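Colleague: I'd like a close look at one part of this model. Please take me through it in plain steps.

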Amino acid sequence: MASKSSNNLVVPNAREAMDKFKMEAASEVGVNLKQGYNGDLTSRQAGSVGGQMVKKMIEAYENGLK
């Protein structure tokens, strides 16, 4: 049985925008991301990038409510 990836985007054309967003978030927290494979990152580094992305998405949502 084939496994289904959970990181599929709802809008497939958004991949480029999400990659750019991820690079911006990484830059803001001082993590050096490369295009492609980043398996050499520590869990802390990867988590800080993801956390920054979530923080920015929540801020954008809250600003949209105002």
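How many helices and how many strands does the protein chain have? Then take me to the place where α1 and α2 pack.

Modeller: This is a predicted model, so local features need pLDDT of at least 70 and side-chain atom pairs count only at pLDDT 80 or more, while totals for chains, interfaces and linings use all residues. Residues are numbered from 1 along each chain as its sequence is written, and side-chain values use heavy atoms, with hydrogens and water left out.

The protein chain has two helices and zero strands. Helices are DSSP runs of H or I with at least four residues, strands are E runs of at least two, and both are numbered from the N terminus.

Now the packing. The axes of α1 and α2 lie 8 Å apart, at an angle of about 110°. Each axis is a line fitted to C-alpha atoms over the stretch in contact, and angles between N-to-C directions run from 0 to 180 degrees. The two helices are therefore roughly perpendicular (65 to 115 degrees). From α1, the contact takes Met 18, Phe 21, Lys 22, Ala 25, Ala 26 and Glu 28; from α2, it takes Val 49, Gln 52, Met 53, Lys 56 and Met 57. Contact means heavy atoms within 4.5 Å. Seven of these residues are nonpolar, one is polar and three are charged.

Start with Ala 25, in helix α1. Ala 25 is buried, at a relative accessible area of 0%. Buried means under 20%, with a 1.4 Å probe and protein chains only. Beyond residues up to four places away in sequence, Ala 25 touches Val 49, Gln 52 and Met 53. Its C-alpha atom is 8.8 Å from that of Gly 51, 26 residues apart along the chain.

Leaving out neighbours within four places in sequence, Gln 52 contacts Ala 25, Glu 28 and Val 29.

Next comes the largest nonpolar core. Its seven residues are Phe 21, Ala 25, Ala 26, Val 31, Leu 33, Val 49 and Met 53. Such a core is a set of buried Ala, Val, Leu, Ile, Met, Phe, Trp, Tyr and Cys residues joined through side-chain atoms within 4.5 Å. Two elements, α1 (15-28) and α2 (43-65), each give two or more residues to this core. α1 gives the most, three. Take Leu 33: apart from neighbours within four places in sequence, it contacts Lys 22, Met 23, Ala 26, Asn 38, Leu 41 and Val 49.

Last, the whole chain. Of its 66 residues, 14% are buried.

How values were computed:
Buried means under 20% relative accessible area, exposed over 50%, partly exposed in between (1.4 Å probe, protein chains only). Angles under 35 degrees count as roughly parallel, over 145 as roughly antiparallel, 65 to 115 as roughly perpendicular and the rest as oblique. Ala, Val, Leu, Ile, Met, Phe, Trp, Tyr, Cys and Pro count as nonpolar, Asp, Glu, Lys and Arg as charged, and the others, Gly among them, as polar.
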